[in-house]
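Open the model in your viewer and switch to a cartoon view. Keep the selection tool ready. We will go stop by stop.

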Amino acid sequence: MSAEVPDGTGETPIYRVVVNHEERYSIWPDDRANPPGWADEGTAGSREACLCRIEAVWTDMRPLSVRARAG
């Protein structure tokens with residue numbers, strides 16, 4: 001992955017991992033309110049750290065509703 005790019009303030013941006021009701025994951029800037037329908041997963045840090053967390057926990061890309069139907 002590429003190096004972090006400062007956000008114009010000279011500081012490296014902080015992100016957090018968010019998850020929705022379908023157990024789909026994303027990263028979101030820490031200084032912004034979560035988008036509607038998304039909740040904090042509990043991880044915050046650099047972009048790379050958050051993406052590593054998502055890679056570790058989101059092993060099945062299918063939405064929860066599809067996984068539930070599949071049994």
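Start with V19. Across from it, in β3, stands A39. Remember as you look that this is a predicted model.

**Stop 1: both neighbours of β1**

Select β3, residues 38-45, together with β1. The two strands pair in the antiparallel sense, over five bridges. Now go back to V19 and look towards β2. There its bridge partner is Y25. Next, pick V18. Its opposite residue in β2 is S26. β1 and β2 also run antiparallel, and five bridges join them. Strands of a sheet pair through backbone hydrogen bonds, either parallel or antiparallel.

**Stop 2: the whole sheet**

Show the three strands together. In which order do they lie? The order is β2-β1-β3, in an open sheet with antiparallel pairing. β2 and β3 are the edge strands, since each of them pairs on one side only. Turn the view to look along the sheet. Neighbouring strands are turned by 35° against each other on average, direction ignored.

**Stop 3: the hairpin turn**

Zoom in where β1 passes into β2. Four residues lie between the strands of this hairpin. Click E23 there. E23 takes a positive phi near 60°.

Where is R67 found? R67 belongs to helix α2. The side chains of R67 and E23 are joined by a polar contact of 2.5 Å. Leaving out residues up to four places away in sequence, R67 touches E22, E23, D60 and R62.

**Stop 4: the two faces of the strands**

Show the side chains of β1. In a regular strand the side chains alternate between the two faces of the sheet. On one side of β1 you find Y15, V17 and V19; on the other, R16, V18 and N20. Are these residues buried or exposed? They are all buried, so both faces of β1 are covered. Six of the six residues of β1 are buried, so the strand is largely enclosed by the rest of the structure.

Compare β2. Its covered face holds Y25, I27 and P29. Its uncovered face holds S26 and W28.

**Stop 5: the nonpolar core**

Select Y15, V17, V19, Y25, I27, C50, I54 and W58. These eight residues make up the largest nonpolar core. Two or more residues come from each of β1 (15-20), β2 (25-29) and α1 (47-57). The largest share, three residues, comes from β1.

Centre the view on C50. Which residues does C50 contact, leaving aside its neighbours within four places in sequence? They are Y15, R16, V17, I27, T43, A44 and G45.

**Stop 6: the aromatic pair**

Stay with the core and pick Y25 and W58. How many aromatic pairs does a search of the whole structure find? It finds one. The ring centres of Y25 and W58 are 5.9 Å apart and the planes stand at 50°, so the pair is tilted. The pair links distant parts of the chain, 33 residues apart. Y25 sits in strand β2, while W58 sits in the loop between α1 and α2 (64-70). W58 counts as buried, because its relative accessibility is 13%.

**Stop 7: out to the surface**

Finish at A33, in the loop between β2 and β3. A33 has a relative accessible area of 65%, so it is exposed. Beyond residues up to four places away in sequence, A33 touches R16 and W28. Last, draw a distance from A33 to A44, C-alpha to C-alpha. The two are 14 Å apart in space and 11 residues apart in sequence.

Notes: Residues are numbered from 1 along each chain as its sequence is written. This is a predicted model: local features need pLDDT of at least 70, side-chain atom pairs count only at pLDDT 80 or more; totals for chains, interfaces and linings use all residues. Side-chain values use heavy atoms; hydrogens and water are left out. A nonpolar core is a set of buried Ala, Val, Leu, Ile, Met, Phe, Trp, Tyr and Cys residues joined through side-chain atoms within 4.5 Å. Buried means under 20% relative accessible area, exposed over 50%, partly exposed in between (1.4 Å probe, protein chains only). Contact means heavy atoms within 4.5 Å. Two strands pair if DSSP finds at least two bridges between them. Rings of Phe, Tyr and Trp (its six-membered ring) pair if their centres lie within 6.5 Å; planes under 30 degrees apart count as stacked, over 60 as edge-to-face and the rest as tilted. Axes are lines fitted to C-alpha atoms, for helices over the stretch in contact, and angles run from 0 to 180 degrees between N-to-C directions. A polar contact is a pair of N or O atoms within 3.5 Å; within protein, one must be able to donate a hydrogen and the other to accept it, and residues adjacent in sequence count only if both atoms are side-chain atoms.
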